[in-house]
Amino acid sequence: MDREALWERLKEPWDLLVLGGGATGAGVLWEATLRGLKAALVEARDFASGTSSRSTKLLHGGVRYLELALRRLDGRQLKLVTEALRERKVVMDLAPHLAHPLPLLTPLFRPLELPYYGTGLLLYDLFSGKRRLGPTRYLPPKEVAGLFPGLPKTLGGILYWDGQFQDHRLLLALLRSALRRGALALNHAEAHAFLLKGGRVAGAVVKDRLTGREVEVYAKAVVNATGPFTDATRRLLDPHLPPLLTPSSGAHLVLDYPLKTGLLIPRTRDGRVLFLLPYRGKALLGTTDLPAEATFCPLPREEEVAYLLEEVRPYLGDLSPYIRAVWSGLRPLVGRGETRLLVRDHLIAEERGLYTLTGGKWTTFRLMAQDLVDRLDRDLGLGLPPSTSHATPLLGAGPKPSLDLPEGVAEHLYATYGTEAGEVAALGDRPLLPGLPYLEGEVVHAVRKELAQKPLDVLARRMGLALLDQEAAQQALPRVVALMAPLLGWDEGRARAELEEARAALPGLC
């Protein structure tokens, strides 16, 4: 993929310019492209470099949100849950290589927990309707002990189903699917000022953060999809605008801990739920919910790491020796108040021709995008056809290709690239690191096909290794830089600088 050609295309007039390359922006680009709009997207850093690669990797309605809806008689929470439960199956159908059903266990320790949690999870199942992923059922103590030998003695458990996915890979599939239909997406390209015509937004000034050059990009409509930076983007238009968001941080630990199924801890000391999930051969523990400032490189606070370890300790003991990676994401929560009680719904706001789409959650990205494009259709009289994003498979969807590779490597490639797995392997089938399924061809593919420009673009947001094992990512960095250098025209000095920059940035995954 020729980045220079994409930069030149930015000079063309557009129907829609999307600011922000996370789940929200990628969803809007895909939706708009499918409905016939000429759409472009720019991202200040790398695609999915913020919240959208740092989620809990669940496609879910939200067990806790259902409990809040019923306890507080909150219709907005209930609407969000029912929509998300429908959408999780839609996403699995659109990208079956990236998303799959996941069983989760809620252990029972006191007699009254069985009717309480059992009824709640059966309702969760009921609200899924025909799109439920599996039956909710009671497991006797012996079966629970077989799944989680480290648990204290239980009275059994409730097994229910949700969805799991690779967030960064789904985002890339959305972007590349849109690119194949004529859209444009460019990373490391920052919109730092708006272009105005008659006092209304008519485009943006975009700076290439890799070269320093700038271009004026004109569009009939501009969408602010910058997640936690929504208010900062709005204030480029008017510094006096009141905030829409209360950002909160969600820390996660990745553990080298074997799991057969997910574990839901339904009650923590701050009223949240906690998940311990099998994910790509590791276990993912999360998450926290603390007020936070919007920053490009959020790091988990010490108290967040301590909180996660303390909350899981009564169930499985001290898991700190198993930690392989720690990272944090920022939630763009709409409204003001206590973050754990704010509804995870989305908001569309229009200010002088700037359309802001914010809030929401990964599971409902498609509905968010559809609502935004529907709003543009009404406001601008575009006469667009109905949405087909619910039934248009993404790039990579399809049968598993036959690969002459070790089973673990072949499975990894399919679960990352889908039907493109063979093409990736053909670019270089040497292991990137001994004992791991990652191949050198993945680095080449990331640069040639997925616009990776930095070593952590590859390790964190194309391959995902830095999210799983930061020590292994450090070990892989020199080889990744060596593979990227000839592809991107780096001389020895530039390659050395990129390596040192990546080593320093790895803890924050920036």
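Helix axes are lines fitted to C-alpha atoms over the stretch in contact, and angles between them run from 0 to 180 degrees between N-to-C directions. Helices (H or I, at least four residues) and strands (E, at least two) are DSSP runs numbered from the N terminus. The structure is a predicted model, in which local features need pLDDT of at least 70 and side-chain atom pairs count only at pLDDT 80 or more, while totals for chains, interfaces and linings use all residues. Residues are numbered from 1 along each chain as its sequence is written, and side-chain values use heavy atoms, with hydrogens and water left out.

The axes of α2 and helix α10 (residues 365–380) cross at roughly 55° and come within 8 Å. Angles under 35 degrees count as roughly parallel, over 145 as roughly antiparallel, 65 to 115 as roughly perpendicular and the rest as oblique; α2 and α10 are therefore oblique to each other. Their crossing is right-handed, where a crossing is right-handed if the near helix is turned clockwise from the far one by less than a right angle, and left-handed if anticlockwise. Contact (heavy atoms within 4.5 Å) is made by Ala23, Thr24, Gly27, Val28, Glu31 and Ala32 of α2 with Phe365, Met368, Ala369, Gln370, Leu372 and Val373 of α10. These residues comprise 8 nonpolar, 3 polar and 1 charged, with Ala, Val, Leu, Ile, Met, Phe, Trp, Tyr, Cys and Pro counted as nonpolar, Asp, Glu, Lys and Arg as charged, and the others, Gly among them, as polar.

Helix α2 (residues 23–34) also packs with helix α7 (residues 167–180), at an angle of about 30° and with the axes 9 Å apart. That angle makes α2 roughly parallel to α7, and the crossing is left-handed. On the α2 side the contact involves Ala23, Ala26, Gly27, Leu29, Trp30 and Thr33, and on the α7 side Leu171, Leu174, Leu175, Ser177 and Ala178. No charged residue takes part in this contact, which has 8 nonpolar and 3 polar residues.

Points are joined across faces, edges and corners, and a volume is the space filled by probe spheres set on them.

The whole structure holds 3 cavities of 30 Å³ or more. The largest contains about 70 Å³, and α7 gives the most to its lining, with 4 residues. Its lining has 5 nonpolar, 3 polar and 4 charged residues, including Arg169, Arg176, Glu420 and Glu450. The second largest cavity contains about 40 Å³; α7 again supplies the largest share of the lining, 4 residues. Met1, Phe47 and Lys449 are among the residues that line the second largest cavity, whose lining has 6 nonpolar, no polar and 3 charged residues.

The second largest pocket has a volume of about 520 Å³. Of its 25 lining residues, Gln166, Tyr279, Arg280, Gly281 and Ala415 are the closest to the centre. α11 gives the most to this lining, with 6 residues. By class, the pocket lining has 13 nonpolar, 8 polar and 4 charged residues.

Key
1 Å grid on protein atoms, 1.4 Å probe; cavity = no way out; pocket = protein on both sides within 12 Å on 5 of 7 lines; lining within 4 Å.
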